[in-house]
Amino acid sequence: MAEALKVPTMAEYMAEGKKPEVLFWVGCMGSFDDRAKKVTKAFVKLLHEAKVDFAVLGTEESCTGDPAKRAGNEFLFQMQAATNIEVLNGYEIKKVVTACPHCFNTIKNEYPALGGNYEVMHHTTFLKSLLEEGRLTVQGGKFKGKRITFHDPCYLGRGNNIYEAPRDLLRKLEVELVEMRKCKQNALCCGAGGGQMFKDAEPGNKEVNIKRTEQAMEVKPEIIAAGCPFCSTMMTDGVKGKDQEGEIEIMDVAEMIANAHDL
Amino acid sequence: MELITQLIFLIVLVAGIAFFTYNIRKVIRNIKLGRKVDRSNNSGERWAKMGRIAIGQSKMVKKPVSGILHIIVYVGFIIINIEVLEIIIDGIFGTHRILSFLGGFYNFLIGSFEILAFLVFVGVIIFWIRRNVTNIYRFIGNDLKGWPKNDANYILYFEMVLMILFLLMNATDYQLQLNNAIGYVKEAGIAGSFPVSQYLLPLFEGISTASLIIVERTAWWLHVIGILIFLNYLYYSKHLHILLAFPNVFLSKLSPKGEFDNLQSVTNEVKLMMDPDANPYETPVEDGETDVPEKFGASDVMDLNQVQLLNSYTCTECGRCTAECPANLTGKKLSPRKIMMDTRDRLEEVGEIINKKGKFEDDGKQLLDDYILREELWACTTCNACVEACPVGIDPLSIILDMRRYLVMEQSAAPNELAISMTNIENNGAPWPYNQMDRLNWAKEN
């Protein structure tokens with residue numbers, strides 16, 4: 001693994017006069033958070049594996065403004081949106097894929113009215129389409145038969161009605177998919193949305209991520225699969241909080257697929 | 001004598017409807033205090049959604065027990081009201097069971113009303129037990145203490161009494177027909193069928209026809225007066241949903257739940273800031289609008305939009321939202337139901353000022369702080385569980401967001417750590433103090 005990952009940027013593509021098939025929007029968590037960076041790399045490996053012609057914005061990428069908007073700072077959100085849209089439109093981006101449901105939701109739903117119109121896909125949907133096109137194959141491998149539950153990210157599930165793409169991928173991994181009592185439309189939040197990730201919780205009797213971890217523990221999974229860097233962090237903390245880190249692993253769906261491929 | 005009772009009936013009927021109309025006009029006036037919002041798009045999709053969710057009760061059955069019981073009460077309410085049509089005609093024209101000429105079909109109608117009335121009665125009893133005896137999370141919250149709890153029970157008592165009166169009216173009528181009482185007996189035979197109230201007949205053994213007529217007339221009058229009182233109670237209760245659920249679902253948001261509206265006032269400001277040709281010292285063009293800049297977000301009900309205010313009148317305080325709220329479930333103060341109740345209470349308070357003074361005058365109170373606490377607003381994860389849970393398309397999250405917008409953009413009153421992360425986004429393009437130039441470093445790390 002000494003070989004560095006090849007991650008082309010839009011600027012490089014532009015210099016060569018080329019346009020990629022898709023822009024990979026990495027997001028702040030995916031760029032800076034140690035846990036989420038592993039998901040980013042796993043996803044890049046899958047993109048290479050499927051021979052997807054992609055690029056990232058790199059240093060030209062900036063926060064979509066999601067946490068600011070949901071915290072009430074519409075001004076900051078629209079400033080971020082305006083800057084990002086200028087960059088994206090400058091590169092004539094048509095298609096965006098991201099591993100973060102918050103970035104996905106913001107770019108897909110809130111940028112169009114501000115002048116940013118792109119086809120936006122969450123990485124699970126994108127990976128599923130690669131499978132359907134036969135560009136990527138997924139086998140069970142080391143996950144075959146493992147007891148796995150999927151935690152629905154709010155901004156993927158309720159926010160955008162995407163419930164099946166990540167589950168379809170897990171089924172391809174031939175796992176034993178078990179559903180929590182609260183799943184899909186009724187899934188409980190991990191506790192990070194709406195800016196909560198960046199502040200202490202209000203006084204209460206429990207942390208939301210602990211509550212969600214307890215719900216997951218009810219179905220005794222070996223792995224809690226996630227599709228959002230915020231959820232992954234919160235659930236990892238939750239599992240630690242319940243002293244289950246030896247028993248339950250938290251993995252992004254993309255990580256699992258890359259892992260099954262021994263990438 | 002006949003004519004006097006007809007006249008009294010007409011007066012009671014007109015007064016009941018007039019007073020209800022008077023109050024509904026206040027509701028409409030209050031809703032119009034809110035900002036205008038355009039929900040005129042996609043009317044086909046809106047009708048379909050209304051058909052599915054409001055008429056079809058599709059979200060109610062997500063909780064099967066209360067959902068099915070609710071459908072019984074809802075269908076019963078609508079169907080039994082066909083009977084009210086006959087009562088009104090009989091009352092005005094001094095007739096008795098005017099629709100009985102329908103013959104077999106009439107018998108079928110009355111028979112099904114009776115069965116429904118019985119089912120409604122049983123349903124309402126179960127509702128009462130659920131509310132008062134069992135420990136259901138959404139019925140034991142602090143936001144239901146006091147008036148809201150009593151209000152809910154009053155409605156259940158109303159419905160029980162109305163159903164009893166309906167069945168009593170039918171039972172005595174049946175007995176009177178059997179007794180061949182004048183005015184009750186029809187040439188064509190027994191009018192109506194009485195699958196439920198026939199079991200009440202043993203109660204009337206040995207009671208004279210004259211007394212039975214008194215019982216029947218009393219039940220008839222109390223039934224119709226009861227309906228009118230109930231109609232007028234709606235405005236003072238949480239029960240307006242039986243009317244407002246339909247427009248509320250129709251006007252609810254169609255876009256994905258994750259999508260939050262972009263404030264146009266902010267877009268204008270941002271455009272101005274980013275426009276290299278804009279002259280910040282330029283005098284704004286006079287366009288007849290007030291020169292007070294538009295307030296960002298909401299601190300009081302007038303800052304909310306009309307759909308949000310309609311939401312508050314529609315809410316029947318079932319608490320399905322609160323029972324799904326991650327903040328509430330982990331002991332935080334936030335309850336989406338309370339957000340809706342507070343909005344309505346404050347809107348009613350504002351309405352009262354307008355009733356008294358002709359227009360709104362500052363009473364030193366507002367929705368923020370006097371009703372909804374900052375602690376509640378900041379506990380929200382914007383997860384949309386409350387919006388998903390609401391069976392009638394209410395969006396408590398949009399109110400929370402608008403109030404956060406006021407706190408942040410008008411008062412710079414975000415919690416400290418959140419304010420720091422926003423400064424980071426502004427300076428570094430990420431919520432943490434990392435340099436934007438390091439954004440691609442992950443690609444070089446192993």
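Visitor: In the strand E2(A), which residue stands opposite Val22(A)?
Guide: This is a predicted model, in which local features need pLDDT of at least 70, side-chain atom pairs count only at pLDDT 80 or more, and totals for chains, interfaces and linings use all residues. Residues are numbered from 1 along each chain as its sequence is written, while chains are lettered from A and ligands numbered from 1 in the order in which they are written. Strands (E, at least two residues) and helices (H or I, at least four) are DSSP runs, numbered from the N terminus. In E2(A), the residue opposite Val22(A) is Phe54(A).

Visitor: How many bridges does the parallel pairing of E1(A) and E2(A) have?
Guide: Two strands pair if DSSP finds at least two bridges between them. For E1(A) and E2(A), which pair in the parallel sense, the number of bridges is two.

Visitor: How many bridges join strand E1 of chain A to strand E3 of chain A?
Guide: Two facing pairs may be named: Phe24(A) stands opposite Val97(A) in E3(A), and Trp25(A) stands opposite Thr98(A) in E3(A). Strand E1 (residues 22–25) and strand E3 (residues 95–98) of chain A run parallel, and the number of bridges joining them is three.

Visitor: Which strands of chain A are the edge strands?
Guide: The four strands form an open sheet with parallel pairing, in the order E2-E1-E3-E4 (chain A). Each edge strand pairs on one side only, and these strands are E2 (54–55) and E4 (119–122) of chain A.

Visitor: At about what angle to E4(A) does helix H7 of chain A run?
Guide: Axes are lines fitted to C-alpha atoms, for helices over the stretch in contact, and angles run from 0 to 180 degrees between N-to-C directions. H6(A) lies across E1, E3 and E4 of chain A and runs at about 160 degrees to E4(A). Helix H7 (residues 123–132) lies across E3 and E4 of chain A, and its angle to E4(A) is about 95 degrees.

Visitor: Which element gives the largest share of the side of domain 1 of chain A that touches domain 2 of chain A?
Guide: The domain assignment, which is automatic or from a database, gives chain A domain 1 (10–131) and domain 2 (137–260). Their C-alpha centres lie 22 Å apart. The contact (C-beta atoms, placed from the backbone, within 7 Å) takes 28 residues from domain 1 of chain A and 29 residues from domain 2 of chain A. On the side of domain 1 of chain A, the largest share, eight residues, comes from H3(A).

Visitor: Which element gives the most residues to the side of chain A that touches chain B?
Guide: Between the chains, 60 residues of chain A are in contact with 58 residues of chain B. The elements of chain A that give two or more residues include helix H3 (34–49), helix H5 (74–90) and helix H9 (208–217). With seven residues, the element that gives the most is H5(A).

Visitor: Why does Gly331(B) count as partly exposed?
Guide: A residue is buried if 20 or more other C-beta atoms, placed from the backbone, lie within 10 Å of its own, exposed if 12 or fewer, and partly exposed in between. Gly331(B) counts as partly exposed because its number of C-beta neighbours inside 10 Å is 15.

Visitor: How far apart in space are His261(A) and His123(A), C-alpha to C-alpha?
Guide: His261(A) is found in the segment after helix H11 (253–260) of chain A, and is partly exposed, with 16 other C-beta atoms within 10 Å. His261(A) and His123(A) are 138 residues apart in sequence, and their C-alpha to C-alpha separation in space is 17 Å.

Visitor: How far apart are the end C-alpha atoms over residues 105–129 of chain B?
Guide: In an unreviewed entry, UniProt places the feature "transmembrane region" at five stretches of chain B, residues 6–24, 68–93, 105–129, 154–171 and 218–236. UniProt positions are given in the numbering used here, feature names are shortened, and annotations may be inferred rather than shown by experiment. Over residues 6–24 of chain B the chain is 100% helix, with end C-alpha atoms 27 Å apart. Residues 105–129 of chain B are also 100% helix, and the separation of the end C-alpha atoms is 36 Å.

Technical notes: Contact = placed C-beta atoms within 7 Å.
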